Every structure is written in C-alpha cells, then in structure tokens.
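Here is a short report on a protein fold, written for use beside the sequence and the model. Please keep the 3D view open while reading.

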Amino acid sequence: MNHRLDALRWPQVDQRVALLAIPLGATEQHGLHLPLGTDTAIATALCDRLADEVGDVLVAPAVPYGSSGEHAEFPGTLSLGQEALELLLVELVRSADHFAGVVLVNGHGGNRGPLIRAVRLLRSEGRHILAWSPSGPSNDSHAGGTETSAMLQLRPGDVDVKQAERGNTAPLPDLIEPLRTGGVRSVSANGVLGDPTHASAAEGRRILNDWAASLIDAVLTWETTLSRRSTPS
C-alpha cells in the first residue's frame, strides 16, 4: 500500500505534505475466541480506510501496546501502563513535526486517559493533533458482538467462533469501579464484556463502515478548522 509509511523511502516522504495517521492498539486478551491483537488490527484497518478516502494521509506502523493492566491476569496480555503510554505518545508525536498533523486512531478503551493527557500537552505546544476512538454499546465493550463482528469481516481466519461465549453484559459504567480494583477477571471469568455469540461478518462490515465514516468526518472537519486558522484574515 503506497500510503504505508514504513514502505516508503525518506525522499518519498519528504516530497509530500501529508497527515500522519497512527493506529494505537493493545496486546491483550479478547476472550477465548479473538486474538490478542484485535484492537491493533481494527485501529490499523480504520487508518487504512482513512488513507484510501482522504487525500495525502500516510499510515504509520501501529503502536501494538497500550495501557492494559486491567487484563493482566490473562496470559498473553502486555501493557505499558498509563504513564509510559502517555510519554510514548508525546515523544512519538513530537518526532512527527515534518507532517501537516497527526491523527491518533485509538482501538483500546484503556488508552483513553493517557491519550487525552498527551493530546492536551501536545496541543499546548502548538502541535496539530487529533485523537479519535470508535464508539459502541456500553453493554458490549470488550470482545463482544461488536469487536467479534468487526474481526469476522477483517480477519475471519483469526476468529474461533466455536469458542465464543457470552460474558458480562452489564453496562460498562456499572463495572468501572470493580474493574479498577479487581480487573476484568473480577467481573468476567472468560474476559468478555458483551455477547459475541450472534456476531457476523455482515454486521462487522456495517460497524466498520460506520466507524470509518465517523473517523473520516472527524478528520475532514479538523482539517477545515486547521485551514481556517492558517489563512490570514
């Protein structure tokens, strides 16, 4: 893909005035049926869609680790923690001043706190940065029907549908306190917050289309705002 930054040589980058889209994912458990890289795969796919639809967007290699301490009791989960993730994002975006702006496309809810703080600091430094995260039902927030459907559309071979089990379907706001004190294992033995048993690739196509449209609209609106700020009055 000619919009992938890591496939280009530096003179090819130097010749373009582009936005840089950075997928921000995680490596963490997603129930018995989804791969550990689910959040990263979804964030990367959305960045690719953005680059396909919006002119002059380059997609950086994904950040595959995030703040995933709430999943620590499940084998395979790797986490940077909140402070390290915030610092990583700040330094990563500071290094991208060659680009017209940076769009951080976040695929993991646990990254939002560090992401918000990093964006606040970077904007105070005068950098052009946008952070975007997909939305979903509050009772289907992790490895449920939403993410499972998306992965059935993106990478069906990585989904073990026979292992899909219903998890805790209480709304996420009701689970926040026990999640903070005891992690996901304390509220869901199988690591699922939602119900993946009725997921489908067709539903995944609809979900991904909606997310991509939302991301593209957010970026186009942001670009318009940046253009107005840079135009002399």
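## Terms and model

A residue counts as buried under 20% relative accessible area, as exposed over 50%, and as partly exposed in between. The model is predicted.

## Two loop residues with positive phi

Asp-56 sits in the loop between helix 2 and strand 2. Its phi is positive, about 55 degrees, although Asp-56 is not a glycine. Is Asp-56 buried, partly exposed or exposed? Its relative accessibility is 34%, so Asp-56 counts as partly exposed.

Ala-143 lies in the loop between strand 4 and helix 5. Here too phi is positive, near 60 degrees, in a residue other than glycine. Ala-143 has 0% relative accessibility and therefore counts as buried.

Strand 1 and strand 2 pair over three bridges, in the parallel sense. Leu-19 has Val-57 in strand 2 as its bridge partner. Strand 1 and strand 3 run parallel and are joined by six bridges. Ile-22 stands opposite Leu-104 of strand 3. Four bridges link strand 3 to strand 4, again in parallel. There, Val-103 has Leu-130 in strand 4 as its bridge partner.

How many residues of strand 3 are buried? Six of its six are, and the strand is mostly covered. Gly-101, Val-103 and Val-105 point one way from strand 3. Val-102, Leu-104 and Asn-106 point the other way. Both sets are buried.

Strand 3, helix 4 (residues 112-124) and strand 4 form a β-α-β unit, which is right-handed.

## The nonpolar cores

In soluble globular proteins, nonpolar side chains tend to be buried together. The largest nonpolar core in this model has 31 residues. Which of them touch the most other members? They are Leu-46, Leu-50, Trp-211 and Leu-215. Elements giving two or more residues to this core include strand 1 (19-24), helix 2 (38-53), strand 2 (57-59) and strand 3 (101-106). Strand 4 (129-132), helix 5 (145-154) and helix 7 (201-230) do likewise. Helix 7 supplies the largest share, nine residues.

Trp-211 is worth a look in the viewer. Leaving aside neighbours within four places in sequence, Trp-211 is in contact with Ile-42, Leu-46, Trp-132, Pro-134, Ser-135, Thr-146 and Ala-150. A second, separate core holds 22 residues, among them Leu-24, Val-102, Ala-118 and Ile-129.

## Helix 5

Why is helix 5 described as largely enclosed by the rest of the structure? Because eight of its ten residues are buried. The buried residues are Gly-145, Thr-146, Glu-147, Thr-148, Ser-149, Ala-150, Met-151 and Leu-152.

Notes
Residues are numbered from 1 along each chain as its sequence is written. This is a predicted model: local features need pLDDT of at least 70, side-chain atom pairs count only at pLDDT 80 or more; totals for chains, interfaces and linings use all residues. Side-chain values use heavy atoms; hydrogens and water are left out. A nonpolar core is a set of buried Ala, Val, Leu, Ile, Met, Phe, Trp, Tyr and Cys residues joined through side-chain atoms within 4.5 Å. Buried means under 20% relative accessible area, exposed over 50%, partly exposed in between (1.4 Å probe, protein chains only). Contact means heavy atoms within 4.5 Å. Two strands pair if DSSP finds at least two bridges between them. A crossover is right-handed if, with the strands pointing away from the viewer, the path from the first strand over the helix to the second runs clockwise.
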